Amino acid sequence: MELEVSIERKALRTASGQTRVVLHDVAFSLRKGEICALLGPSGCGKTCLLRIISGLDSDFEGRIVLPSPHRIGMVFQEPRLLPWRSVVQNLRLVGSSSENDLVEIAAALRLSDHLDHFPGELSLGLARRVAIARAFAVKPDLLLLDEPFVSLDAALAARLREELLALVLKRKATTLIVTHDVEEAISLAGQIVVLSAAPGRLLADRTIETPREALTEGGAVKIKNDIVSLIAKAAHC
Amino acid sequence: MWQLGSGIASTGTLPAPLAVMSVIGAEARSGALFVNLAATLARVAASFVLAMALGTALGVAMGRNKSIDRLCDPLLIVLLNLPALVVIVLAYIWAGLNEAAAIAAVVLNKLPNTAVTLREGTRALDESLDEMARVFNLPLGAKVRHVVLPQLGPYLAAAMRSGLSLVWKIVLVVELLGRSNGVGFEIGIAFQLFDVTRLLAYALPFVGLMLAIESFVVQPVERHVSRWRPSHGA
């Protein structure tokens, strides 16, 4: 599945009647099966961009090209589970997946023991995993993740990243993951799109040629330094 | 306590429990008690179901759509504050002393109450879950069943509870004023004869029945729809 994003302008009208430009000239495309990280400082319009791509927000100038039909799996910043349905019911509800697939997805995210629990009985880390499992349960062509690991401790986040990566590679979903963590972006993605501080413009659209497994620590540090200096430079002008 | 009270007061004011029991027994044997209870219960059921259905539809529409809300709100306020008696008498005068008028009068009394409760419930619907349902492309039926109804559940339960108690009180008044059977009609006769024993003999089984419905139907339903809420201590 290919995704082509081309946004000329996205503006919000504030309560006081002013218009605030959120996104400006953002264009990039994603190849099928590619993992792309969307990087940028807080408040630069990353979530807004994700809402536009997912079709939740259609009030913008520009266009989004997605092959149709397509299925989108989305992980919001908050888990957004149905609190009155058990974990497995939450997964089943969205689902084009068979029971076997669900069990497999749940096992991959280590949720097997929690299938009958209600979301209110889960820790935030577990609830986030359920949200990730739900996004996979729709068998997505396009997977959108909005800072799925924010506010989790580093060890848990690292483990969830690995689990996510394994699932994405296995299921071959085109993936766009929003983050403000440069290292997270490098460890996950083959393509990194960098946005500037608000209003968000496209700063860089960088493909990491080295395969993820072959990326040395030195190589990763170099990419990181490149991106960090790019963001710093943009902040100064 | 009742026995003691009836000893102090005269029998005409508060009859002894046994006297009331024997009247209940006599009425039950003749079948009149059951016929009247059934008539009243049927009216309660019909007007309750109608008022809940129409009130829910109106409330949800008003909660979702601002122009419907603005259009219907004044009417709702009038209906909420109009004395039940006025509605009942008008219904009988305009539509005649018939069953339809009786049911309509009760429905009109209960409907605004349901509509207001459900309007609040609709306004409180969680936008973020709605977005989730849209992104995941849930079919309308699944969305209503799994996303919307569970959120409206507590409001529906509240409307049902207050509704049931309101409806059966008003049904008795409706029967007293314009029907020739039912518990309300029998109580009207007892009033004309100043027969407190007979009055209690009809009122008590009916209250018992309503208590039974409340604790064996309404409360279990309420517990079932809110079983996902984590219990806080206690």
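A: Strand β8 (residues 191–195) of chain A is largely enclosed by the rest of the structure, because 5 of its 5 residues are buried. A residue is buried if 20 or more other C-beta atoms lie within 10 Å of its own, exposed if 12 or fewer, and partly exposed in between, with C-beta atoms placed from the backbone. Strands (E, at least two residues) and helices (H or I, at least four) are DSSP runs, numbered from the N terminus.

Q: What is the provenance, and how is the numbering done?

A: This is a predicted model, in which local features need pLDDT of at least 70 and side-chain atom pairs count only at pLDDT 80 or more, while totals for chains, interfaces and linings use all residues. Residues are numbered from 1 along each chain as its sequence is written, and chains are lettered from A and ligands numbered from 1 in the order in which they are written.

Q: Which strand runs parallel to β8(A)?

A: Strand β3 (residues 35–39) of chain A does, joined to β8(A) by 4 bridges. Two strands pair if DSSP finds at least two bridges between them. Within this pairing, A:A37 has A:I192 as its bridge partner.

Q: And how many bridges link it to β9(A)?

A: There are 5 bridges between β8(A) and strand β9 (residues 202–207) of chain A, in the antiparallel sense. The two form a hairpin with 6 residues between them.

Q: How many residues of β4(A) are buried?

A: The count is 0 among its 5 residues, and β4(A) is hardly covered. It belongs to an open sheet of 3 strands in chain A, ordered β2-β1-β4 with antiparallel pairing. In that sheet β2 (19–30) and β4 (61–65) stand at the edges with a single partner strand each, so one side of each is left without a neighbour. Neighbouring strands are turned by 20° against each other on average, direction ignored; axes are lines fitted to C-alpha atoms, for helices over the stretch in contact, and angles run from 0 to 180 degrees between N-to-C directions.

Q: What joins β1 to β4(A)?

A: Strand β1 (residues 3–13) of chain A and β4(A) run antiparallel and are joined by 5 bridges. A:I7 stands opposite A:G62, and A:S6 has A:R63 as its bridge partner.

Q: Changing topic: where is A:H180?

A: A:H180 is in the loop between β7 (174–179) and α6 (182–188) of chain A. With 17 other C-beta atoms within 10 Å, A:H180 is partly exposed. Leaving aside neighbours within four places in sequence, A:H180 is in contact (C-beta atoms, placed from the backbone, within 7 Å) with A:L39, A:G40, A:P41 and A:S42. Its C-alpha atom is separated by 9.3 Å from that of A:V150, 30 residues apart along the chain.

Q: What does chain B contain?

A: Chain B has 10 helices and 0 strands. Its C-alpha trace spans about 70 × 50 × 30 Å along the principal axes, and buried residues make up 33% of its 234 residues.

Q: At what angle do α2 and α10 of chain B pack?

A: Helix α2 (residues 17–30) and helix α10 (residues 196–225) of chain B pack at about 70°, with their axes 9 Å apart. They are therefore roughly perpendicular (65 to 115 degrees). The residues of their contact divide into 8 nonpolar, 1 polar and 2 charged. Here Ala, Val, Leu, Ile, Met, Phe, Trp, Tyr, Cys and Pro count as nonpolar, Asp, Glu, Lys and Arg as charged, and the others, Gly among them, as polar.

Q: How many residues does each chain give to the contact between chains A and B?

A: The contact takes 14 residues from chain B and 17 residues from chain A. On the chain B side, α7(B) gives the most, with 6 residues. By class, that side has 10 nonpolar, 2 polar and 2 charged residues.

How values were computed
Contact = placed C-beta atoms within 7 Å. Parallel < 35°, antiparallel > 145°, perpendicular 65-115°, else oblique.
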